[in-house]
Amino acid sequence: MRDFAVTVLALGLLGAAAGVLWSLLAPRAPYVVTEQGPVLADPSTQALIAADGWFAVVTGALGLICGAAGYTLSRRGRPLAVLLGLAAGGLLAAYLTLTVGGAVNLGAVTVTAAGPDTPMVPGRLKLTANGVIFAWPMLAAGLFFALEGVAGYRESPLRQPFGGQDPYGPLSERDLGGR
């Protein structure tokens, strides 16, 4: 239980820091302030898609780093607890990245003026492709599984069947095509 809790807490703290990084990297879409409230200034803006892309890059890279670190550190302990911690902590970290990144406005906030009657303001960071929130836990757990599979194959007795002995006996030079 301790390995699981430590993994989830560590990823949660990393998720808050990732939110600040996402806020620094992702552009904000411009909004026009109207009497009804803020309205997206350019519905065909690429800023919304770029924010999703930067979220996927930041959380995906950190997911791969966490998966490798979790695998390395769990070789002496309980790998199942760390794997479950990577999945649960990855979801928590991605949610915290989304929350902190949307609350902290550190990125590019330059917006061109629309005129005296329609002021423009930078929008809050948010996701339009909600599926990218799963990048962190899926890549962390996926890399953990891949590394475990490679290590399991290397240590497997199936790599050397029959205890490394050839059941048909040693090959002679004649069997290899020699005369």
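A nonpolar core is a set of buried Ala, Val, Leu, Ile, Met, Phe, Trp, Tyr and Cys residues joined through side-chain atoms within 4.5 Å, where buried means under 20% relative accessible area with a 1.4 Å probe, protein chains only. The structure is a predicted model, in which local features need pLDDT of at least 70, side-chain atom pairs count only at pLDDT 80 or more, and totals for chains, interfaces and linings use all residues. Residues are numbered from 1 along each chain as its sequence is written, and side-chain values use heavy atoms, with hydrogens and water left out.

The largest nonpolar core has 24 residues, and L11, W22, F55, L86, W136 and F144 have the most contacts inside it. Helices α1, α2 (47-74), α3 and α4 each supply at least two of its residues; the largest share, six residues, comes from α2. Helices here are DSSP runs (H or I, at least four residues), numbered from the N terminus.

Helix α3 (residues 79-103) and helix α4 (residues 135-154) have axes that come within 7 Å and cross at roughly 160°. The axes are lines fitted to C-alpha atoms over the stretch in contact, and angles run from 0 to 180 degrees between N-to-C directions. The two helices, α3 and α4, are therefore roughly antiparallel, a term for angles over 145 degrees. Contact (heavy atoms within 4.5 Å) involves residues including L83 and L86 of α3 and W136 and F144 of α4.

Leaving aside neighbours within four places in sequence, F144 is in contact with G67, G70, Y71, S74, P79, V82, L83 and L86.

Note on methods: Angles under 35 degrees count as roughly parallel, over 145 as roughly antiparallel, 65 to 115 as roughly perpendicular and the rest as oblique. Buried means under 20% relative accessible area, exposed over 50%, partly exposed in between (1.4 Å probe, protein chains only).
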